[in-house]
Amino acid sequence: MTIKLRIWIFLFVMATVTVAMAAVTFLSIRAANDHLAKSALSRLQLEASLQLAVDSNRFSEQIAELLLIGEAERQEFISARGQTSASIANLLNRSRLEIASAEGPEDERREDRQLSRVADMERLFRQIDRAAERVLLLDKQGHGDEAIRVFRAEIENQLDSEFQTLVAAAVDEERAEVAAADGEAQRVMERLVTGSTILVAVLVVISLGAGYLYSRMLIRPITALADGALEIKRGNLDHRIGYAVRNEFGFVAGRFNAMAEELQRQRHELVAARDNLEGIVAERTAELDEAILQLKAIDLRRVNFLADISHELKTPLTALRGEAEVTLRGRAKSEATYRETLARIAAYSADMGHLIDDLLFLARSEADDVRFEYRPLRLVPFISEVVQEAKTFARGRSIEVLAAGNGQAPVVRADPRRLK
């Protein structure tokens, strides 16, 4: 999971918690407001019930005062009757408002019961008003005692008592309803405070947890990258960052490991090149040592060869001088003898020429300028010629030179003079 996606998830979680907190707070406040409004309606209905109790008592008292005092109290009587009627109408309206705001069957049944009670109050009030008119009529007709008896029997002891009982019941019920509404509102407020506290605590815990997780998520790869850079600085190219999470840091770690592998490969190549160079230097040194040894050996062979050539040059010179001295000594010889002697002197001269050619060959070989004259060569007559010339050097030394073979030597490609 990438860091960007985690950040978005964190923001989404925080936004969700915040919206949930706001929604719960809004619903709680709304419920509290509903309960407060309900409590206010109950208080208004209680006030209307108390006002009706006061007005009904005053109306009853005004009937009695009108009987006792007379027409002077007529206006107060009319005012009390109108006020009582208005209080009943006000209580009826309040009851209807509470019915409209009822929440559930229980509230509806209670409000219907209150509405029915108010209707009974209105009915009793009308009965009391009609009884009061009859009482006042009796009093006006001069039947004062009958009027007082009817007032006490029908109004004071029956209708008014029943009316006051209904009013008292309404007052008690409204007081209980107000207390219940206040208690419910208080409980809602307490739940609101508790819920808000819990939500705030949850939000704080989520924030701290997310902060811890994100700090851990950032610190771990950053520490791994820093340690990897330090190891590379120390020359430890075998170090690799063990962070394979598929996010931005994992991508950087992969690039870092690739860089370390490339550096390690280059270092191995440099070490291999150095070892190879050392091997080449050692090989060239060995070749140089071998060349020096070869040069020493060549120089030794040259010295030996020069010594051999110096020794070998004496042989044909001695032979030439000997042949000439033998031929010239004594009396004259035949032409065949001279010819044979001259032929041997020519052969010895040729041998000396060959020795000189060998000296030139040695010089040219050291100068790397040796030329060969290759041609097909039959070995049998070639070896016979070499043996015949060797017999000349062997003569007088008790040495016999022979050639052994089956006469089937092959034809080779060679330089005859160099080979001889």
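**Labels and their grounds**

Modeller: Start with Glu262, which is partly exposed at a relative accessible area of 33%. Keep in mind that this is a predicted model.

Colleague: Why is Glu262 called partly exposed?

Modeller: Buried needs under 20%, and exposed needs over 50%. Glu262 has 33%, so the label is partly exposed. Arg265 has 38%, so the label is partly exposed there too.

Colleague: What makes Glu262 and Arg265 a salt bridge?

Modeller: The closest N and O atoms of Glu262 and Arg265 are 2.3 Å apart. The cut-off is 4 Å, between a side-chain nitrogen of Lys or Arg and a carboxyl oxygen of Asp or Glu. The pair therefore qualifies as a salt bridge.

Colleague: Where do Glu262 and Arg265 lie?

Modeller: Both are in helix α5, residues 248-328. They are three residues apart, about one turn of the helix. A network of salt bridges links Glu262, Arg265 and Glu269.

Colleague: How do you know that Arg284 and Glu283 form a salt bridge?

Modeller: Their N to O distance is 3.9 Å. The limit is within 4 Å, so the pair counts. Arg284 also forms a salt bridge with Glu287, with the closest N and O atoms 3.6 Å apart.

Colleague: Why are Arg284 and Glu287 about one helical turn apart?

Modeller: Because they are three residues apart in helix α5.

Colleague: How exposed are Arg284, Glu283 and Glu287?

Modeller: Arg284 is at 46% relative accessibility, so it counts as partly exposed. Glu283 is at 41% and is partly exposed. Glu287 is at 37% and is partly exposed. By this rule the count comes to five salt bridges.

Colleague: Why does Thr84 count as buried?

Modeller: Thr84 has 1% relative accessibility. Buried means under 20%, so Thr84 is buried. Thr84 lies in helix α2, residues 74-100.

Colleague: Which residues is Thr84 in contact with, leaving aside its neighbours within four places in sequence?

Modeller: Leu52, Asp55, Ser56, Phe59 and Phe125.

Colleague: What makes a set of residues a nonpolar core?

Modeller: Its members must be buried, of the listed nonpolar types, and joined through side-chain atoms within 4.5 Å. The largest such core has 28 residues. Leu52, Phe59, Ile63, Phe77, Leu91, Met121 and Val167 touch the most other members.

Colleague: Which elements give two or more residues to this core?

Modeller: α1 (3-69), α2, α3 (105-140) and α4 (144-233). α3 supplies the largest share, nine residues. There is a second, separate core of seven residues, including Leu225, Ile241, Phe256 and Ala260.

Colleague: What does Leu91 touch, setting aside neighbours within four places in sequence?

Modeller: Leu91 is in contact with Gln45, Ala48, Ser49, Leu52, Val118 and Met121.

Colleague: Trp8 and Leu44: buried, partly exposed or exposed?

Modeller: Trp8 lies in helix α1. Leu44 is found in helix α1. Leu44 has 31%, so Leu44 counts as partly exposed.

Colleague: How far apart are Leu44 and Arg94?

Modeller: They are 50 residues apart in sequence. In space they are 7.2 Å apart, C-alpha to C-alpha.

Colleague: Which residues make the nonpolar surface patch of about 320 Å²?

Modeller: Ile7, Trp8 and Leu11. A patch member needs over 30% relative accessible area.

Colleague: What share of the chain is buried?

Modeller: Buried residues make up 28% of the 420 residues. The chain exposes about 27100 Å², and carbon and sulfur atoms supply 60% of it.

Colleague: What share of contacts joins residues at least 24 apart?

Modeller: 75%, among contacts between residues at least 6 apart in sequence.

Note on methods:
Residues are numbered from 1 along each chain as its sequence is written. This is a predicted model: local features need pLDDT of at least 70, side-chain atom pairs count only at pLDDT 80 or more; totals for chains, interfaces and linings use all residues. Side-chain values use heavy atoms; hydrogens and water are left out. Helices (H or I, at least four residues) and strands (E, at least two) are DSSP runs, numbered from the N terminus. Buried means under 20% relative accessible area, exposed over 50%, partly exposed in between (1.4 Å probe, protein chains only). Contact means heavy atoms within 4.5 Å. Patches are made of residues with over 30% relative accessible area and no salt bridge: like charges are joined within 9 Å, nonpolar side chains (Val, Leu, Ile, Met, Phe, Trp, Tyr) within 5 Å. Accessible areas come from the Shrake-Rupley method with a 1.4 Å probe; for residues, only the protein chains shown count as cover.
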